[in-house]
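Subject: Structure handover

Hello,

Here is the structure for you to look through. My notes on it follow below.

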Amino acid sequence: MHAYRTHTCAQLRPSDVGSQARVSGWVHRVRDHGGLLFIDLRDHYGVTQCVADPDSAAFALVEKVRAEWVVRIDGEVKARSEDTVNDKLPTGGVEIFIRELEVLSTSEELPLPVFGEPDYPEDIRLRYRFLDLRRDNLHANIVQRSRIIDSIRRRMWDEGFFEFQTPILTASSPEGARDFLVPSRLHPGKFYALPQAPQQFKQLTMIAGFDRYFQIAPCFRDEDARADRSPGEFYQLDIEMSFVTQEDVFNAVEPVLRGVFEEFGEGRPVTQEFPRIAYADAMRKYGTDKPDLRNPIVMENVTDTFRGSGFKIFAGMIEKDDQVEVWAIPAKGGGSRAFCDRMNSWAQGEGQPGLGYIFFRDGEGAGPVAKNIGEERTAALREQLGLGDGDAVFFVCGVPKKFVDFAGAARTRAGTELGMIDESRFDFCWIVDFPMFEYDEAEKKVDFSHNPFSMPQGGMEALETRDPLEILGYQYDIVCNGIELSSGAIRNHKPEIMFKAFEIAGYGPEVVEEKFGGMLRALQYGAPPHGGIAPGLDRIVMLLCGEENLREVIMFPMNQQAEDLLMGAPSEVSARQLRDLHIQLNLPKQG
RNA sequence: GGGGGUGUAGCUCAGUUGGUUAGAGCGCUGGCCUGUCACGCCAGAGGCCGCGGGUUCGAGUCCCGUCACUCCCGCCA
């Protein structure tokens, strides 16, 4: 007989009744009735009820076991009587009558109960992550993550992609996020950086002729955390393809994501054909470049209705500045003064002067705005926006670039408050045609808005002849339920276009040469047109597990301060280690 | 770097306008209990009320500072 088990804790069924079984696992729960005692024994696979009474030779020992002790139990599989069958357990038709019990290891009093799923403070959960991971929910999430990754690998493989590993110790990159640095022992004063993404390596892989690459790639960025952004490290499904247009990338990636979401979405409907929305349209209709399409609200420009109207605040602003627009946020079912007032005070809480509104009842518009612009214009709005009694519409006025974030937030809030968002769906879209450059207000200069390696639409000619701020890139994002899942691009594979693009952003050829020398050289020796994308794996798993926090789908996450409370990272190192690395500390003064 | 929230028993939380001895549930320890599966019943142990200072006759409660956790802003090609 095996030293620890003949069956897992999920295996035994009424057909096993009468056989001898050996199971090992954690003591999930003890129910001690004095003359009769139950142990729910748990392992990775499930739970099996074990029972002992004074007829058992092990009874005295069984009485001593406590929650989370690890034990081995031998005994006979017995049928439960009809009235004691537990339908909630797959093994609920049987139980093991304990003949022998061996304590394999004991447990101290638990700082965090494994039984049950109440909320516990994150620092305790992280410090005792091994206990937290025993709990049903988290345990299932981590297993699901593994299955999802396996499914993604198979789907990528089936589409002809190869998985390659790229370096973890690489060079610091001047663009993008803050790097994690690793000091070099052999080269005093020099540092490696952990890759923010294998961006340049995957392009080099294409230039090296491998045609189709993917990797479940670890990425490292030294930026502050959010609920949907873990500090330090995360994983991407990194993809790159040669001899492709944007369309080819879409056709390769869309079925993988759709397939994974259908496979693991538990029947929740998934967008069959991802709509393509231009960046400019997304901003205008949804007020964000990551719209939640489950929210049916689409904003509309109603500037003309307010121009010269009796609503003097808006009319005056439109008069003074021809960049000023008025956007309408229609809210079906929001037609009560209470709701409109609630939206208005929310807006004021956001630092806005307020949120103008009209609500419709008894066949006419009500509220101060309606009164000011008059019946005719109110009716025109109702017509344009397709509203009726019981509906409302909110207005934001100003220069769109300045108010668009707020307008987007108002759209989200109205949709959420009015219960318009169907939680049980996965609504995908592509956001395309991102601007290549943007004006950096802080630096007072034009800079890359996305990725310096992207191909501008129109190529060299566009760079030479057009206003940089009007040039679009072959750059695209995938958004699901308002969460940015990935971004990608067709890359710029021509050195002369790269020099020109960097020149527009204010970097001379010597900068390009110094910072991207390796890449540049590669482009000079026959680079295929290529492009790719990199969906965020943690966010995919988070969506599929229905979690709001990334830490619920990562085995050993760091806390918001980028500390690993279990392993104690980051930690101080010995003087010897620092000496080897030629590093002298220059610590901030303690307050 | 900035803003909000939280901090009371091992854990989750309550604690009134500042007022006697700081409570409950779970867990823990002991006792009772032969069909439970959130077992039940009885008893008990367990508190630097995050930490430091202040106001007050008196502070878990008010004020200031500080620390920890968390959410958000900045940041995140």
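In this predicted model, an N or O atom in the side chain of Arg 551 is 2.7 Å from a phosphate oxygen of RNA strand B. A polar contact here is a pair of N or O atoms within 3.5 Å. Arg 229 has a polar side-chain atom 2.5 Å from a base oxygen of RNA strand B. At Gly 35, a backbone N or O atom lies 3.0 Å from a phosphate oxygen of that RNA strand.

Residues are numbered from 1 along each chain as its sequence is written, and chains are lettered from A and ligands numbered from 1 in the order in which they are written. Local features need pLDDT of at least 70, side-chain atom pairs count only at pLDDT 80 or more, and totals for chains, interfaces and linings use all residues, while side-chain values use heavy atoms, with hydrogens and water left out.

There are 44 residues around RNA strand B, where near means that a heavy atom of the residue lies within 4 Å. Asp 32, Thr 84, Tyr 120, Pro 121 and His 450 come nearest. Of the RNA atoms within 4 Å of the protein, 53% belong to sugar or phosphate and the rest to bases.

Strand S1 and helix H2 (122-127) each supply at least two residues of this surface; helices (H or I, at least four residues) and strands (E, at least two) are DSSP runs, numbered from the N terminus.

S1 (residues 20-32) runs antiparallel to S2 (residues 37-42), and six bridges join them. Two strands pair if DSSP finds at least two bridges between them. Arg 31 has Phe 38 in S2 as its bridge partner.

Regards

Methods. A polar contact is a pair of N or O atoms within 3.5 Å; within protein, one must be able to donate a hydrogen and the other to accept it, and residues adjacent in sequence count only if both atoms are side-chain atoms.
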